[in-house]
Amino acid sequence: HGFCCGEIYEFNFQTEFWTKINTTEDLRDPSVRLDRYHHSAVMFGHSMFVFGGRGQDPKINSSNELLEIHLDTKVWTVVSTVGNQPSSRWGHKAIVIEGVMYIFGGSDFENCFSELYEYDFGTRCWSLMKVHTCPSARYFLTLTSVDDIIILIGGRNLSGQCYGDMQQFVIGLSDQSEQTYQTIRKPSSKRIIKKKESHPKNSIRAKCYF
């Protein structure tokens, strides 16, 4: 249908030219498929890491494997991890802050999620973060960061309700009992963000663009 594939493309900002990258697979598990969509993808070191997503085959609803493509060798592998790994999901979002990947939200068709997971690239360990209060469960949200603050924007729930809120979460507080999301004050009524889902974003110099 033109929306589910396992291809990798590279964009060169100097030449302004797109190139399809030829890759090889060393997945060691025939049940793992590269063709997927609504997954998350982040960069760390010389690799891109892909988590979760859903397949075009109705039998492959959603996944929770962590895939890595090393951009020097162009080889796909399944990352062997330890710890409390997130369940299968799609429509979630992921960001990297100081060597740690954070994942929030997503859906598995029957449920929406509101947990915040962290994955340490150094130890290859997953952890479910202890958070005092969480935003409503959602998927198709936006996740970005400014310094050590995670910014969560919008999304939707399984009933089709779209959110227009904006939440922030501070990483690394010494007192874990204080780990909670805080609603960012909305501007004047003429500037309130409309309720949205699946919106791309970028954050530059303490400002978020989407």
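## Strand pairing and nonpolar cores

Strand S15 and strand S16 (residues 181-183) form an antiparallel pair with three bridges; strands are DSSP runs (E, at least two residues), numbered from the N terminus, and two of them pair if DSSP finds at least two bridges between them. This is a predicted model, in which local features need pLDDT of at least 70 and side-chain atom pairs count only at pLDDT 80 or more, while totals for chains, interfaces and linings use all residues. Residues are numbered from 1 along each chain as its sequence is written, and side-chain values use heavy atoms, with hydrogens and water left out.

In S16, Gln182 stands opposite Gln168. S15 also pairs with S14 in the antiparallel sense, over five bridges, and there Leu152 stands opposite Gln167. Buried means under 20% relative accessible area, exposed over 50%, and partly exposed in between (1.4 Å probe, protein chains only).

The largest nonpolar core has 15 residues, of which Tyr102, Leu116, Ile150 and Phe169 touch the most other members. Such a core is a set of buried Ala, Val, Leu, Ile, Met, Phe, Trp, Tyr and Cys residues joined through side-chain atoms within 4.5 Å.

The structure holds zero disulfides (pairs of cysteine sulfur atoms within 2.5 Å).

| Residue | Relative accessible area | Class |
|---|---|---|
| Cys112 | 18% | buried |
| Cys134 | 39% | partly exposed |

Note on methods. Helices (H or I, at least four residues) and strands (E, at least two) are DSSP runs, numbered from the N terminus.
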